[in-house]
Amino acid sequence: MSDYPARAVVDLAAIRGNVAALAGYASTAQVMAVVKADAYGHGLVPVARAAVEGGATWLGTAQVSEALALRAAGVVGPRILAWLYAPGAPLREAIEADVDLSVAAPWAVGAVVVAAREAGRSARVHLKVDTGLGRNGVMPDALDEVVVPLLEAQAEGAVELVGVWSHFAFADEPDHPTVRAQEDVFDAAVRAVEAAGAHLEVRHIANSAATLTRPAVHYDLVRPGLAVYGLSPVPQLGGPEAFGLTPAMTLEARLATVKDVGAGQGVSYAHQYVTDRATRLGVVPLGYADGIPRHASGTPGRLGGPVQVGGRRLGIAGRVCMDQFVLDLGPGADEQAGDVVTLFGRAPGPTAQDWADVTGTISYEITTRLGARIPREYVN
Ligand SMILES: *Cc1c(COP(=O)(O)O)cnc(C)c1O
């Protein structure tokens, strides 16, 4: 442990194993490990390298800057797709760095063509179709507005239209009727683009949930994110172990202080927790500035976010502050300053999903929100 009193330990063997497990689910497709948002808080470059070792042949990022950071760090083997950008994005740099680009709107065709001419080489493009998510992507009835200019640009060598892709609205509810409906819209869009003259290399629509639950939509490439990190995208159907996944991150801190207080002691801002007996309190040096949700505060009658300390499961006592929160360790507890508290990791200890349940969110948000102040340490 560094001298910082908290750390997120990231097990790269778990990343490798999770990617290998996902490749097993999608044995007819290639795997794109999605490493956007600093690899869901786990650390972009170490995770990307481990994912490639685990069998990923593609990496996916949202922002172009994330893709460029991978190339700048020497991640040169895998294909990389960046899919979210606004006018002014460094597209020429992306093309020079051999990054594939999504095109999700007519304006982006022009921007990519200009950037390709500047770069002096053709841009590999994946056309994003909005098959029903209602987010980014070209509506099916507007495909011509993008396909026609893309194929013109392809004829002059500025672009290569290598992919058609989309994203589900309800992949985490595999039986939802929109899943099948989006699949049909996707198939029709692929046919239309091919009929217009494109020779596609990859068709892709499956995120983690669809990779794990819907083989029919694996196509040529799957794009798992959350499952790479060993978390379940369908917690109502099963935890990570049900899918052969292992959570990669363990978040832990060392107690900054322990002290004995009497009954009736109000704890932390606004005294939302009051001791009901003489007890020992412990201060954990992580707070909302580190991404510990303030909604994980203990409220009257309910302990907050779960932690493991000395083999016991406790909940946060009172409000989460910017840099710290408090635990009621119990009368006679023998914890001392410096003892380790685990916030989340692998079951049977508390998990990121447990934190998500306490705070009314999804495990994605628990790991991605962890602050830059917490050192990431890599094992295996
Ligand atoms: C984030 C993202 C993914 C990965 O989603 P998971 O649910 O984490 O597997 C795949 N595709 C797109 C377009 C995304 O934005």
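Two strands are counted as paired if DSSP finds at least two bridges between them. Helices (H or I, at least four residues) and strands (E, at least two) are DSSP runs, numbered from the N terminus.

Figure 1. The barrel runs 2-3-4-5-6-7-8-9, with parallel pairing. The structure shown is a predicted model, in which local features need pLDDT of at least 70 and side-chain atom pairs count only at pLDDT 80 or more, while totals for chains, interfaces and linings use all residues. Residues are numbered from 1 along each chain as its sequence is written, and side-chain values use heavy atoms, with hydrogens and water left out. Val34 has Gly60 of strand 3 as its bridge partner. Strands of a sheet pair through backbone hydrogen bonds, either parallel or antiparallel.

Figure 2. Asp98 lies in the loop between helix 5 and strand 5. Although Asp98 is not a glycine, its phi is positive, at about 65 degrees. Most residues other than glycine have a negative phi, and most peptide bonds are trans. The side chain of Asp98 meets that of Arg124 in a salt bridge (3.1 Å, N to O). This pair links distant parts of the chain, 26 residues apart, with Arg124 in strand 6 (residues 123-128) and Asp98 between helix 5 (91-96) and strand 5 (100-103). A salt bridge here is a side-chain nitrogen of Lys or Arg within 4 Å of a carboxyl oxygen of Asp or Glu. A search of the whole structure finds 24 salt bridges.

Figure 3. The protein chain is divided into domain 1 (12-229) and domain 2 (249-379), with bounds from an automatic or database domain assignment. Their C-alpha centres lie 38 Å apart. Ten residues from domain 1 and nine residues from domain 2 take part in the contact, which means heavy atoms within 4.5 Å. Between the domains about 880 Å² is buried, and carbon and sulfur atoms give 60% of this area. Buried area is the accessible area (1.4 Å probe) that two parts lose on being put together, summed over both. On the side of domain 1, Tyr40, His42 and Leu226 lose the most area to domain 2, together 50% of what that side buries.

**Figure 4. Elements of domain 1 that touch domain 2.** Across this interface the rule finds zero salt bridges. Helix 1 (12-25) and helix 2 (36-40) each supply at least two residues of the side of domain 1 that touches domain 2. The largest share of that side, three residues, comes from helix 1.

**Figure 5. Strand 18 and its antiparallel partners.** Strand 10 (residues 249-254) pairs with strand 18 in the antiparallel sense over four bridges. In this pairing, Ala253 stands opposite Val341 in strand 18. Strand 15 (residues 306-309) also runs antiparallel to strand 18, and two bridges join them. Here Gln308 stands opposite Thr342 in strand 18.

**Figure 6. A cis peptide bond at Pro348.** The peptide bond from Ala347 to Pro348 is cis, with omega near 10 degrees. Pro348 is found in the loop between strand 18 (340-344) and helix 10 (352-359).
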